[in-house]
Amino acid sequence: MNSDRTILTDHMGARIAPLCPGKAGDPGGTARDNRLFLEAILWPLP
């Protein structure tokens, strides 16, 4: 990822990955990139 616009570190991303919906094996569609989605939510926060 582009390091100048990321909030979550690789370690944080790995820790939250099991908690996010859309993993392989979950019912419904599989998310392409949950970490990118969370970055989009967190980025505009002060």
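Okay, quick one to start: where does R35 lie? R35 sits in helix 2, and I'll come back to that residue in a moment. Before that, please keep in mind that what's on the screen is a predicted model.

So, the overall picture. The chain has 2 helices and 0 strands. Helix 1 covers residues 10-16, and helix 2 runs over residues 34-42. There are 46 residues in the chain, and 13% of them count as buried. As for the surface, the accessible area comes to about 3900 Å², with 62% of that belonging to carbon and sulfur atoms.

Now, contacts. If you take the contacts in the chain with a separation of 6 or more, 53% are between residues 24 or more positions apart. Let me walk you through a few pairs with separations like that.

Back to R35, then. How many salt bridges does a search of the whole structure find? The search turns up 1. It's R35 with D10, and the closest N and O atoms are 2.8 Å apart. That pair links distant parts of the chain, with R35 in helix 2 and D10 in helix 1, 25 residues apart. The two side chains also make a polar contact, again at 2.8 Å. In general, side chains of opposite charge can pair when their charged atoms come close.

And is D10 buried or exposed? D10 has a relative accessible area of 60%, so it counts as exposed, the cut-off being over 50%.

From R35 to T6 you count 29 residues in sequence, and the C-alpha to C-alpha distance is 9.8 Å. From L36 to T6 you count 30 residues along the chain, with 8.9 Å between the C-alpha atoms.

Terms used. Residues numbered from 1 in each chain as written. Predicted model: local features only at pLDDT ≥ 70, side-chain atom pairs only at ≥ 80, totals over all residues. Heavy atoms only, no water. Helix = DSSP H or I, 4+ residues; strand = E, 2+ residues; numbered from the N terminus. Polar contact = N/O pair within 3.5 Å; in protein donor to acceptor, adjacent residues only side chain to side chain. Salt bridge = Lys/Arg side-chain N within 4 Å of Asp/Glu carboxyl O. Buried < 20%, exposed > 50% of the residue type's maximum accessible area, 1.4 Å probe, protein only. Contact = heavy atoms within 4.5 Å. Areas by Shrake-Rupley, 256 points an atom, 1.4 Å probe, with all protein chains shown as cover.
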